[in-house]
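Q: I have a model open and want to go through its inside. Can you take my questions as they come?

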Amino acid sequence: MPENNDYYRHEYHALLEQIPSAVFVIDPAQNKLVDVNSAASDMLGYARSDLLSSISPFDIHPHEVDDFIEFTRHVEQKGEFKTEDLSCMTADGRVVPVRVNAVVTKDPMGRKLIRAIVVDVAREAAFRQALNDEIRLQYGTDEKIGNSRAWQGVLEKIQLVAPTNSLVLIRGETGTG
């Protein structure tokens, strides 16, 4: 059985490193980071070893400690997934707006941990803008062309989803545009 544990531990860390967003595992009882991935180190500008040994979540959110405490307390006590817009302070003092997606989990000893995926909102917005610019360059228009009843139905559904942060895939027959 120990061989299986080593295998799954290795796979967990390999997966953690492949995730492009910052991942933090927090022990809320000790206010301590117990695991982070390279994307977290890169985003904050701290070495992984520093994040795990001497940097606390409060050091990352010094300007909104109360909001961070309320957020983690909610996740820990309710045991449910929660998303919150916060910001992080980097090692060089920059403030980075982020979206934190967190859920409570337990380690093998039954200790509650919070696993959080943190996305740099400014970077995400820049990516979306670049994608929109590329689409405009490639196709030369923002207008959707067509007047069929089916297409009008698609446009109505797009209008319903447009104000949200959801990503949507629209599929159709080959050649329909």
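Q: Which elements each supply at least two residues of the lining of the largest cavity?
A: They are β1 (22–27), α4 (57–60), α5 (65–78) and β5 (112–120). Helices (H or I, at least four residues) and strands (E, at least two) are DSSP runs, numbered from the N terminus. This is a predicted model, where local features need pLDDT of at least 70 and side-chain atom pairs pLDDT 80 or more, while totals for chains, interfaces and linings use all residues. Residues are numbered from 1 along each chain as its sequence is written, and side-chain values use heavy atoms, without hydrogens and water.

Q: Which residues lie nearest the centre of that cavity?
A: Phe24, Ile26, His61, Phe68 and Val118, out of 14 lining residues. A cavity here is a set of points on a 1 Å grid over the protein atoms alone where a 1.4 Å probe fits but cannot get out, and lining residues have an atom within 4 Å of a point.

Q: What is the lining by class?
A: The lining has 12 nonpolar, 2 polar and no charged residues. Ala, Val, Leu, Ile, Met, Phe, Trp, Tyr, Cys and Pro count as nonpolar, Asp, Glu, Lys and Arg as charged, and the others, Gly among them, as polar.

Q: Which side chain does the Asp27 side chain make a polar contact with?
A: That of Arg111, at 3.2 Å. Such a contact is a pair of N or O atoms within 3.5 Å; within protein, one must be able to donate a hydrogen and the other to accept it, and residues adjacent in sequence count only if both atoms are side-chain atoms.

Technical notes: On a 1 Å grid over the protein atoms alone, a cavity is a set of points where a 1.4 Å probe fits but cannot get out, and a pocket is an open set with protein on both sides within 12 Å along at least five of seven lines; lining residues have an atom within 4 Å of a point.
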